[in-house]
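Could you walk me through this structure in the viewer, one selection at a time? I would like to know what to click on next and what is there.

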Amino acid sequence: MRERLFAVSTIATPNLPEARILAELPDGSADQCAEKLLPYIRHLLITGGHGAEHQVHNRLYSRDGSRHDFTCQRLPGSYHGSGCTLASALAGRLAQGEELVSAVRSALDYTWRTLRDAERPGHGQYIPGACRWTPAEGEPAMTPLRGLYAITDSQLLAGGRLLPYAEAALNGGARLLQYRDKSSDDALHQREAEALRELCERYGATLIINDDAELAARLGVGVHLGQGDGSLAAARALLGGQAIIGGTCHARLGLALQAAKEGASYVAFGRFFESHTKPGAPTAALELLDQAKSHLQLPLVAIGGVTLDNAPQLITRGADMVAVVHALFAADSAAEVERRARAFAALFAPH
């Protein structure tokens, strides 16, 4: 099959058990299976529908080395035809000339919604029902978590710089924008977060609120929680299955494994280098990214002293996103912020 069918195919969409059979790796991870199979096919989407985690984690691999992660809430029940639905939806999108990553995102989103609206005529499996190609109003499509993750700083962005500098980062290619303000002014947080949400919607990015799940719920956006800042599982229950929820894991793989069980969309490790924001945080070794990739299918965020000079080594070791504060926003102008954002975003472009 690998030699004959893969040679004339654009992409294969196995789940992990199927990928293990194809790769002849009975206990292989998704990454290991992809490494074995990519010599035979240009693109490989390994789906996580047969797992047991609260979130379904799907990863798109390409022969050029690029990877894209997509997550969604695991739905209750057993579903007949979900793999065929996904493959058919993806084939349809590609036949219409849609770019691959966009087509995968659309097909995964379509499949999730057909399963959500499935029928169960007897006592057996659910049968996917017809559904829209586009998300319903107010329901965001899944966002690939890869690229620049911009984090605001209330001191760096004081004096009216927050919105123009944030917009510059988004225009430069930031995929996630985290609003971080440690003051106790709730009214200010509400106003600024609303304005940032509008900017993110305009640029097709996602707003993440730091440490305030209730504010995130009011705005219908994502949240990032540090250790001791609340339960990831409670945040997932509050925000729903489609929200992006991240967790700080410092330099400990065990915290990341627990975060995955509680429904995190991504896990953040760091600091990896000297950091202006958290100079006393424990240092994470680059090897931690290697370990995390072999144990997790969640996107990995690297944070802490990230610059244009050291970001490439984080990406090479498996970071799906780099979270940047000072190296992005400590700038004299919005134009400089945009230039830096474009430079960070370019690090993730396929080569």
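This is a predicted model: local features need pLDDT of at least 70, side-chain atom pairs count only at pLDDT 80 or more; totals for chains, interfaces and linings use all residues.

Helices and strands here are DSSP runs, at least four residues long for helices and at least two for strands, and they are numbered from the N terminus.

Next, select Y149 and Y266. They form an aromatic pair with edge-to-face geometry, 5.7 Å centre to centre and 85° between the planes. The structure holds one aromatic pair. Y149 belongs to strand β5 (residues 147-151) and Y266 to strand β10 (residues 266-269), so the pair ties together parts that are 117 residues apart in sequence. Are these two tyrosines buried or exposed? Both Y149 and Y266 are buried.

Now move to R67 in strand β4 (residues 67-73). R67 counts as buried because its relative accessibility is 17%, and buried means under 20%.

Finish with two loop residues. D211, in the loop between β7 (206-210) and α7 (213-219), has a positive phi of about 65° although it is not a glycine. H250 lies in the loop between β9 (245-248) and α9 (253-261); its phi is also positive, at about 50°, and it is not a glycine either. D211 is partly exposed at 22% relative accessibility, and H250 is partly exposed at 24%.

Methods
Residues are numbered from 1 along each chain as its sequence is written. Side-chain values use heavy atoms; hydrogens and water are left out. Buried means under 20% relative accessible area, exposed over 50%, partly exposed in between (1.4 Å probe, protein chains only). Rings of Phe, Tyr and Trp (its six-membered ring) pair if their centres lie within 6.5 Å; planes under 30 degrees apart count as stacked, over 60 as edge-to-face and the rest as tilted.
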